[in-house]
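This report concerns aromatic rings and the charges placed over them. Please examine the sequence and the structure shown below before reading on.

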Amino acid sequence: MLDKPNTQLDALLKETSLLNFRAPTIRKLVDQRKWKDLSPFDRAGVVYDFVRNEIMFGYNKADNIPASQVLADGIGQCNTKGTLLMALMRAVGIPCRLHGFTIHKELQRGVVPELVYKIAPENILHSWVEIWLEDRWINLEGFILDEAFLTALQKEFAPNRQSLCGYGVGTNCLSVPQVDWQGEDTYIQKTGINNDFGIYDSPDDFFADHMQAFSPVMKVLYENGIRHVMNWKTNRIRAGKVPAIPLRD
């Protein structure tokens with residue numbers, strides 16, 4: 001953890017193998033959007049909104065893929081969208097770091113196929129991004145679910161239910177979760193967190209210490225089959241077809 005952020009911020013602006021913000025596609029995006037012409041506050045906001053709503057909630061082939069691949073995929077979950085968010089923040093001069101956790105698998109029920117859910121690990125690797133802006137750290141997790149996906153769940157459950165753990169959501173305020181950029185902390189999966197791994201300068205460092213435990217067979221099945229079913233399910237939810245699952249009161 002940075003006790004004196006002003007003395008160590010340079011490390012949080014560096015390019016890494018995963019935070020490859022000098023990749024041509026990322027440089028082109030930043031230049032075309034003219035994000036560097038904005039104030040630091042607005043730079044952070046437009047980058048946040050881009051990753052939240054122009055990169056759909058979905059599942060890539062692995063957690064430890066570079067930002068340029070997440071951008072090319074056009075989808076991502078907490079860890080992969082976080083990698084892209086960090087790369088873009090650093091590309092526009094906003095220092096950032098990663099805070100690693102696990103969440104209980106219950107949070108992903110309704111997205112994970114039910115047969116797979118029963119044998120899935122209890123703890124799922126999770127992270128959010130912390131940016132240094134206006135002399136303070138801001139926690140960003142609310143970018144994980146795109147607005148269309150979250151709105152479909154709100155229509156299905158709110159206002160009758162405010163606490164929801166499932167479908168990629170972990171919140172106690174479903175009607176008005178802290179997801180919009182206002183220069184403050186944002187969260188959408190926080191109530192599902194059950195382990196805290198601490199702070200890392202980059203996702204490269206985090207994944208060197210922690211990776212989701214898959215058997216070789218499950219890894220192949222996930223990459224080539226299961227994640228495609230999960231993405232099909234997220235698209236159906238986005239379209240308003242929310243599957244029924246057991247929910248805690």
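## Charges over rings and aromatic pairs

The charged end of K105 sits over the ring of Y117, 4.7 Å from the ring centre. A charge counts as sitting over a ring if NZ of Lys or CZ of Arg is within 6 Å of the ring centre and within 35 degrees of the ring normal. K190 likewise has its charged end over a ring, that of Y187, at 4.2 Å from the centre.

The model is predicted, so local features need pLDDT of at least 70, side-chain atom pairs count only at pLDDT 80 or more, and totals for chains, interfaces and linings use all residues. Residues are numbered from 1 along each chain as its sequence is written, and side-chain values use heavy atoms, with hydrogens and water left out.

How many aromatic pairs does a search of the whole structure find? The search finds 14. Rings of Phe, Tyr and Trp (its six-membered ring) pair if their centres lie within 6.5 Å; planes under 30 degrees apart count as stacked, over 60 as edge-to-face and the rest as tilted. Two of these pairs are listed here.

| Pair | Centre to centre | Angle between planes | Class |
|---|---|---|---|
| F157 and Y167 | 5.5 Å | 40° | tilted |
| F214 and Y222 | 5.6 Å | 20° | stacked |

F157 lies in helix α6 (residues 147–157), and Y167 lies in the loop between β6 (164–166) and β7 (169–171). Helices (H or I, at least four residues) and strands (E, at least two) are DSSP runs, numbered from the N terminus. Both F157 and Y167 are buried, a term for under 20% relative accessible area, with exposed over 50% and partly exposed in between (1.4 Å probe, protein chains only). Y222 counts as buried because its relative accessibility is 13%, whereas F214, at 37%, counts as partly exposed.
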